[in-house]
Amino acid sequence: MPLESVQELIRAKIPGPTTGITVKQTFCDICAPGNHCGIDVFLRDGRIIKVEGTPGHPHNNGKLCTKGLASRQYVYRQDRLRVPLRRIGPRGEGRFEEISWEEAYAEIAERLNGVKDKFGANSVVFFTGYSKWYRPFYQRFAFSFGSVNYCSDDSVCNNSGVMGMKTTGGRVAMPDLRNTRLFLGWAYGGYYSSHLSPNGVKGLKARGGKVIIVDPRVTPAVKHFADLHLQLKTGTDGALALGMANIIIENNWVDWQYVNNHTYGFDEYAAYVRRFDPDTASRLTGVPKDLIYEAARLFAQTKPACLNPSGSTVAHHINGFQNYRAIVCLLGLTGNYDVAGGNVPGTAETYIYKGAGFPMKSVEFSRRGRPRKPIVGGERFPLWDELNEEAQDMDLTRQLETGEPYPLKALFALGLNLKMFPDTERFKRALAQLDFIVDVDLFQTDSAKWADIVLPVCSSFERTDFKVYGGGWAQLVRPVIAPLYESKSDTEILFDLVKALGIKDPLLEKGYDACLTYMLRGSGLTLDELKAADNKPIRSPRFAPYVPGTYTKEGYDTPSGKFEFASQVIAKYKESHNLDALPTYRNPFRDEKNPEESRKKYPIVLTVGARIPFALHSRFHDVPWTRSFRPEPQVDVNRADAEEKGIAEGDLVELFNPTGRIRLRAHLTDKVAPGQAALYHGYTEANGCELVDAGHLDPYSGFPAYKSNLCDYEKVKGGGR
Ligand SMILES: Nc1nc2c(c(=O)[nH]1)N[C@H]1C(S)=C(S)[C@@H](COP(=O)(O)OP(=O)(O)OC[C@H]3O[C@@H](n4cnc5c(=O)[nH]c(N)nc54)[C@H](O)[C@@H]3O)O[C@H]1N2
Ligand SMILES: Nc1nc2c(c(=O)[nH]1)N[C@H]1C(S)=C(S)[C@@H](COP(=O)(O)OP(=O)(O)OC[C@H]3O[C@@H](n4cnc5c(=O)[nH]c(N)nc54)[C@H](O)[C@@H]3O)O[C@H]1N2
Ligand SMILES: [Mo]
């Protein structure tokens, strides 16, 4: 073949012996474990030249989102950490010296074991940011070291929702979109936050099904799907759910067969719900009465119906946990829990949060030898403590500041992003008092500048990793490229540290294969079979799909064995912490010292962190392709509000409240209601968490109020385009 056509084939990225381009399979690990799409990686000379979704992959069947498609640029981000570093300047300044892995390990071992000897192992906090893939190994590592203080982004992510489900029906129950006739998308952000999920809703619409969307903003789901859009005021979800329950009970649309046989606390609940008559519900939520009525009627009278309350957005308010529970109670009221087409409790967790329909021993593996409490956050958030196997890290700021109930001395972090923490500046000040901080990351982030030792970690393309998918699938992948620079995988680092720290643990001492072999027990799969599959997914012979109704027959995992409108688990904390067994509603801003004055001064309700399709927390702002969609941080403001303030599209504005102030460009839109504003989080130049109060936490879950901040904004002088 003439040289020219070979060059053309190379430019077109055509695989084959002529071009030297090969294709290997792996998966994307950028977003939540519910996704992790199969990726075909095109390689030439040991470098990734292109990625595509894997056709026929059981999860994504060839589709990738914007972030997955940008993963080549993600892997080759310019600021990848190359070698281990030791801090030589003040915290935060960013001056480091390069050191060897041996030096780094020796120093970490000496410092962490030193804290353990002097103050006890619980004084070392083991934190992980968003990444999930190493969690069973890491949790066990922390516990085997002797610290109960393993914690993660679960302190702000899906876990409040999980707690809401567990205290009500005993298990998490997901919407069964395939078999439903109505979908109630409560804070449903599918188009942006979970790119494959709108397909299920599309399918429902094609079958003639109904969709109700509850969202303060006009979103793509509203435009494409919604028969009804309930545009409620931010953080008033509980009042809306209780208002719908009121209408359902008043009109006798209750599923009495289910309520009489399978629920607990109905009378108390019904009595409480009476307070949320249509006028009250409408006043509290801002949703017209007739719309609430219509939504209640449709939801109760269309069988089966399912719902999807976002475990993050609904929960990101000081009243978020109970709002979530109030929504879940609608399932019990209408008999849509554990029925086909309703919300179905899936099979138990197989591996890292995901139920794939076959058993594994990963939960037992990771929680082995959990040391004695008290966890960080345990005294303040006893419900969290009872329902979770990890510390509530939103209480770190307080415990660092006060040293109560015991001092914290060291932080070891896999993926530390300080901008995840409300009132980041206050958190940084608290953190500065620690004796020793380790951060393990792919990138030289602004947060890494706070660490004493920084270790370079590799991406999913450069490591061995294991994943499970719904329908009984499992996939083991080997590296498709060699680790860049001197980076290693998180698990390799943990196994090295087991040795350096002298941790006694029969499995961790043996390494990755031994641990995975243990966890695979009962799965019907062996490590050898997975390896032989050459990075492709294989199916477990032990796959058994869940049959709806089984759990109801067995009795629920709640104290009463029933669906609890009044939660007996929560009831225990009435006296000590004033927690209510019923899904009671309170105003999201009730904690203000001077509500009237404060509302006048800070009239805007700000959501920090509603998802955008081309960013994932702090990680994609520095990837050129994804950044190009929105080159500068922006706050979405209501057009009329902005015009009244003399602000035009693209003007530089300052957002401020008593917690902090940030500057960014204004984007004027009608999708955000008057009196509201929304911005994405994780930008170094404009960190929205600087406007989120660190003390303003949900007493049930400990979750921060990312989505209900009072603030105001004004144009920066000379800040026009
Ligand atoms: N592209 C992208 N995808 C992501 C992520 C990301 O950063 N980027 N993050 C991942 C993670 S960690 C999570 S937890 C999920 C979150 O996933 P989602 O919960 O879907 O994400 P959000 O966009 O925050 O929220 C969904 C909708 O809730 C609305 N909303 C805001 N406040 C309220 C309220 O008070 N009540 C109601 N009813 N609705 C409200 C928002 O307007 C938004 O349209 O996304 C995951 N997927
Ligand atoms: N204001 C506001 N803040 C929020 C939210 C919000 O809605 N609003 N959402 C919250 C939610 S739901 C979540 S889940 C959190 C997530 O928040 P974060 O944990 O902050 O998420 P990321 O920025 O994705 O990742 C944290 C760090 O992990 C690094 N990292 C990525 N992969 C790996 C890996 O494999 N190994 C290691 N060692 N490091 C890795 C990244 O480079 C990054 O520096 O943010 C929360 N913060
Ligand atoms: Mo999350």
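Which glycine follows H15, and is its phi positive or negative? I looked this up at the outset: glycine 335 follows H15, and its phi is positive, near 65 degrees.

**Entry 1. Conventions.** I note that the model is predicted, that local features need pLDDT of at least 70 and side-chain atom pairs pLDDT 80 or more, and that totals for chains, interfaces and linings use all residues. Residues are numbered from 1 along each chain as its sequence is written, chains are lettered from A and ligands numbered from 1 in the order in which they are written, and side-chain values use heavy atoms, with hydrogens and water left out.

**Entry 2. Helix H15.** I took helices and strands as DSSP runs numbered from the N terminus (helices: H or I, at least four residues; strands: E, at least two). H15 covers residues 320-333, and its end C-alpha atoms are 20 Å apart, which agrees with the 20 Å that its 14 residues should span at 1.5 Å a residue. The expected span is 1.5 Å times one less than the number of residues. I then checked burial, where buried means under 20% relative accessible area, exposed over 50%, and partly exposed in between (1.4 Å probe, protein chains only). Of the 14 residues of H15, 14 are buried, so the helix is largely enclosed by the rest of the structure.

**Entry 3. Ligand 1.** I counted a residue as near if one of its heavy atoms lies within 4 Å. Ligand 1 is surrounded by 31 residues, the closest being Asp237, Ser310, Thr313, Ala615 and Tyr680. By class, the shell holds 14 nonpolar, 11 polar and 6 charged residues. In this scheme Ala, Val, Leu, Ile, Met, Phe, Trp, Tyr, Cys and Pro are nonpolar, Asp, Glu, Lys and Arg charged, and the others, Gly among them, polar. Domain 2 (173-345) and domain 3 (595-715) each supply at least three residues of the shell; the bounds come from an automatic or database domain assignment.

I listed atom pairs next. Backbone N or O atoms lie 2.6 Å (alanine 615) and 3.0 Å (tyrosine 192) from a nitrogen atom of ligand 1. A polar side-chain atom of tyrosine 680 is 2.6 Å from an oxygen atom of ligand 1. Taken alone, ligand 1 exposes 900 Å², of which the protein buries 94%. These areas follow the Shrake-Rupley method with a 1.4 Å probe.

**Entry 4. Ligand 2.** Around ligand 2 I found 33 residues, with Asn417, Asp441, Asp490, Val608 and Ser618 coming nearest. Ligand 2 alone exposes 910 Å², and the protein buries 99% of that.

**Entry 5. Loops.** Where is serine 155 placed? I located serine 155 in the loop between strand S7 (150-152) and helix H6 (159-166); at 0% relative accessibility serine 155 counts as buried. Its side chain makes a 3.1 Å polar contact with the side chain of glutamine 392. A polar contact is a pair of N or O atoms within 3.5 Å; within protein, one must be able to donate a hydrogen and the other to accept it, and residues adjacent in sequence count only if both atoms are side-chain atoms.

I also inspected two cis peptide bonds: lysine 303 to proline 304, with omega near -10 degrees, and glutamate 404 to proline 405, with omega near 0 degrees. Proline 304 sits in the loop between helix H14 (289-301) and strand S13 (305-309).
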